[in-house]
Amino acid sequence: LLVSNYPKVRKSLLVFPINWLVSLLWDTLLKPILMTLQPDIENKIIPLRGDFKAELLERFACEELEEAFGGDLSLVSMRPPQPLPYKRVPCSVILHDRLR
C-alpha cells in the first residue's frame, strides 16, 4: 500500500545472497533496462555479492542485524505469544446468548 502511494519512500532494497548467474543477469540485462526507466534505481536496488554479511555490517549496526546475518540481534525473545487454542462452541449457547 505504501509503495504504490509513496514510491520514493524506500531508501534502498538489499538483495542477498545472489549467485554468479543472478549477478551476471543483473549487470548485463536488468540494471541497464531499469536505469533507462528510472535513473536513480542504482542507489535503490543493491545486490550484495560474495561475503554479504560483512557488507551488511558496514551498512547496519551489529545490534540491528539478526544472528543469522552476522549480527547480535536475537529474535527468540521477541516472538509473539502463541495464540489460544480454538474452542468449539455449540450453536445453542450462541443462540441463547443472543436471545437475552
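Throughout this passage, a residue is called buried at under 20% relative accessible area, exposed at over 50% and partly exposed in between, with a 1.4 Å probe and protein chains only. By that scale I33, at 44% relative accessibility, counts as partly exposed. The structure is a predicted model, in which local features need pLDDT of at least 70 and side-chain atom pairs count only at pLDDT 80 or more, while totals for chains, interfaces and linings use all residues. Residues are numbered from 1 along each chain as its sequence is written, and side-chain values use heavy atoms, with hydrogens and water left out.

Confidence is a friendly place to start. The pLDDT, the predictor's confidence in each residue from 0 to 100, averages 80 over the protein chain, and 86% of the residues score at least 70. Helix α1 (residues 2-5) has the lowest confidence, with a mean of 60, whereas α4 has the highest, at 86.

The protein chain contains 5 helices and 2 strands, taken as DSSP runs (H or I of at least four residues for helices, E of at least two for strands) and numbered from the N terminus. Along the sequence these elements follow the pattern α-β-α-α-β-α-α. Of the 100 residues in the protein chain, 13% are buried. The chain exposes about 8,800 Å², of which carbon and sulfur atoms supply 62%; accessible areas come from the Shrake-Rupley method with a 1.4 Å probe, and for residues only the protein chains shown count as cover. With contact meaning heavy atoms within 4.5 Å, residues 24 or more positions apart account for 45% of the contacts with a separation of 6 or more.

The largest nonpolar core consists of 6 residues, namely L14, I46, L48, F52, L56 and L65. Such a core is a set of buried Ala, Val, Leu, Ile, Met, Phe, Trp, Tyr and Cys residues joined through side-chain atoms within 4.5 Å.

On the surface, W20, L21, L24, L25, L29, L30, I33 and L37 form a nonpolar patch with about 830 Å² of accessible area together. Patches are made of residues with over 30% relative accessible area and no salt bridge, with like charges joined within 9 Å and nonpolar side chains (Val, Leu, Ile, Met, Phe, Trp, Tyr) within 5 Å. Neighbours within four places aside, S23 is in contact with I18 and R49.

Since R49 sits in the loop between β2 (45-47) and α4 (52-59) and D27 in helix α2, the pair ties together parts that are 22 residues apart in sequence. Both partners count as partly exposed, R49 at 33% relative accessibility and D27 at 41%.

The loop between β1 (13-15) and α2 includes P17, which is joined to F16 by a cis peptide bond with omega about -20°. N19 is placed in the loop between β1 and α2 as well, and its 43% relative accessibility makes N19 partly exposed. Although N19 and R49 are 30 residues apart in sequence, their C-alpha atoms are 7.3 Å apart in space.

Key. A salt bridge is a side-chain nitrogen of Lys or Arg within 4 Å of a carboxyl oxygen of Asp or Glu.
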